[in-house]
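Hello,

Have a look at it first, and then read on.

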Amino acid sequence: GESAVRLCEVEEFDLIFIDQHMTTTTSTVEKMTGSDTIEALLCLRNGGICSIITGLSANENAASSFFAAGADNFQLKPFPCTRKDLEPLLLKLISTLDQKRAGTRKTNITSN
């Protein structure tokens, strides 16, 4: 979480995927959840960051906390790894990114 926020302060990403429960080996401070990280990233968005943020979890109930934090999308794990499954998801996310950049953002996407 902390690393993602630091990276987004200096670099722009089109798509950001965030797991709800992340581990860290570089920080001794309290770990940020995926929802905490999204809230921190939204502060950066106000500074002009226009990324599509997808929350990831094996628990479908986590979707509501991701969307409440400001995520654009939720993806239930396991994450699709075959081209047949991954391509439609990425095309939806890219379309959402294009809409956001054009100022016509639609409602949240949910993928299962």
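Which residues of helix α3 (residues 62-69) are buried? Please keep in mind that this is a predicted model. The buried ones are A62, A63, F66 and A69. Looking down the axis of α3, you will see these buried residues fall within an arc of 130 degrees, so they line one face of the helix. S64 and A68, on the other side of α3, are exposed.

Next, the nonpolar core. The largest one has 15 residues. I16, I18, I38, L41, I53, F66 and F74 are the residues with the most contacts inside this core. Two or more residues come from each of α1 (2-10), β1 (15-19), α2 (34-45), α3 and β3. Of these, α3 gives the most, with four residues.

Leaving aside residues up to four places away in sequence, I38 touches I18, I53, F66, A69, G70 and A71.

Finally, two points about the backbone. Most residues other than glycine have a negative phi, and most peptide bonds are trans. Just after α3, G70 takes a positive phi of about 115 degrees. The peptide bond from K77 to P78 is cis, with omega near 10 degrees. You can find P78 in the loop between β3 (73-76) and α4 (83-102).

Happy exploring, and best wishes

How values were computed
Residues are numbered from 1 along each chain as its sequence is written. This is a predicted model: local features need pLDDT of at least 70, side-chain atom pairs count only at pLDDT 80 or more; totals for chains, interfaces and linings use all residues. Side-chain values use heavy atoms; hydrogens and water are left out. Buried means under 20% relative accessible area, exposed over 50%, partly exposed in between (1.4 Å probe, protein chains only). The arc is that of the directions from the helix axis to the C-beta atoms. A nonpolar core is a set of buried Ala, Val, Leu, Ile, Met, Phe, Trp, Tyr and Cys residues joined through side-chain atoms within 4.5 Å. Contact means heavy atoms within 4.5 Å.
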